[in-house]
Amino acid sequence: MTVSLPRHDWLEREHAHLLRADALTSAHRERASRREKHPVWDFLFTYYNYKPAQLQRWHPGAGVQLEDAAERLNWRWYSPGADADSAIPDASMFANEKSELAALIERMLRRTASRPGQFGCFGLHEWAMVYRADEHRHPVPLRLGQAATDAVVENHDLRCTHFDAFRFFTPQAVPRNRTELTRDDQPLFEQPGCLHAGMDLYKWALKLGPLIPGELLLDAFELARDIRLLDMQAAPYDLSAWDVVPVPIETAEGKAEYVRQQRGFAERGTRLRAELLQAWLGFDHPVAVSA
């Protein structure tokens, strides 16, 4: 059964979404206007390469009909609804135009959701990215210095399961990881305890465009923002100049705090994965995930 939103209702939701998106991105936009860099928050807009304007655009989600929305009939992946001048985000149109992307996103969401979370990595991917390196990705000092940072890596078991973190390991750190990861194998190793898998829900939501309700997109962005803070709190960098309080994973207390937050993010991510799949495909559209 198609849900239909009168124009007054969907315009109210669109306005509320814009206010929320503006609040979430205002600090970044202000820094960008001054050409000011931030080692924690820029990641959400540079690594993922999405602009604040993309977060500001509200959509109702797949199969939700917008009444009196003729202006949206020219928007990508919208089709005419059952009523005159109505428009509806079309999951079939997306699947036909972006079949490989649609299959990848579904595979990643379903397979990640099907696995138990792993909570023994302690955020050491960031340490592996500077292991025995003369130059670092962030031009800030290391909290423990290079030798002590290297020693932390050498005294721990690297258990990274996320290719987009692993690919930035230094050459010396790569063979220390429990598993050698590749892009093609990414769906085989992704698991819900991984911080980056949680942040990537923001990426998948944006790639699905109008098929995801705007409110859910901003929920995914908020999760990515919260995870990003822990990601850098647990990193080897000294970020005190940006008022970032470290979670010292080289200590037992730091490890316990990291895992406590990691479990909370995994729970939020699990709920969001289910909501993304429901909004996009619905319970009536199960799609088998191929090997």
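**View 1. Aromatic pairs across the whole structure.** Searching the whole structure turns up twelve aromatic pairs; here, rings of Phe, Tyr and Trp (its six-membered ring) pair if their centres lie within 6.5 Å, and planes under 30 degrees apart count as stacked, over 60 as edge-to-face and the rest as tilted. This is a predicted model, where local features need pLDDT of at least 70 and side-chain atom pairs count only at pLDDT 80 or more, while totals for chains, interfaces and linings use all residues. Residues are numbered from 1 along each chain as its sequence is written, and side-chain values use heavy atoms, with hydrogens and water left out.

**View 2. Tyrosine 48 meets tyrosine 202.** The ring centres of tyrosine 48 and tyrosine 202 are 5.3 Å apart with the planes at 75°, so this pair is edge-to-face. It joins distant parts of the chain, 154 residues apart: tyrosine 48 belongs to the loop between helix 2 (43-46) and helix 3 (52-56), and tyrosine 202 to helix 10 (residues 195-207). Helices are DSSP runs (H or I, at least four residues), numbered from the N terminus. Both tyrosine 48 and tyrosine 202 are buried, meaning under 20% relative accessible area, with exposed over 50% and partly exposed in between (1.4 Å probe, protein chains only). Ring pairs link Tyr48 and Tyr202 into a cluster with Phe43, Phe45, Tyr47, Tyr50 and Phe221.

View 3. Tryptophan 75 is partly exposed at 24% relative accessible area, whereas tyrosine 78, at 4%, counts as buried.

Methods. Helices (H or I, at least four residues) and strands (E, at least two) are DSSP runs, numbered from the N terminus.
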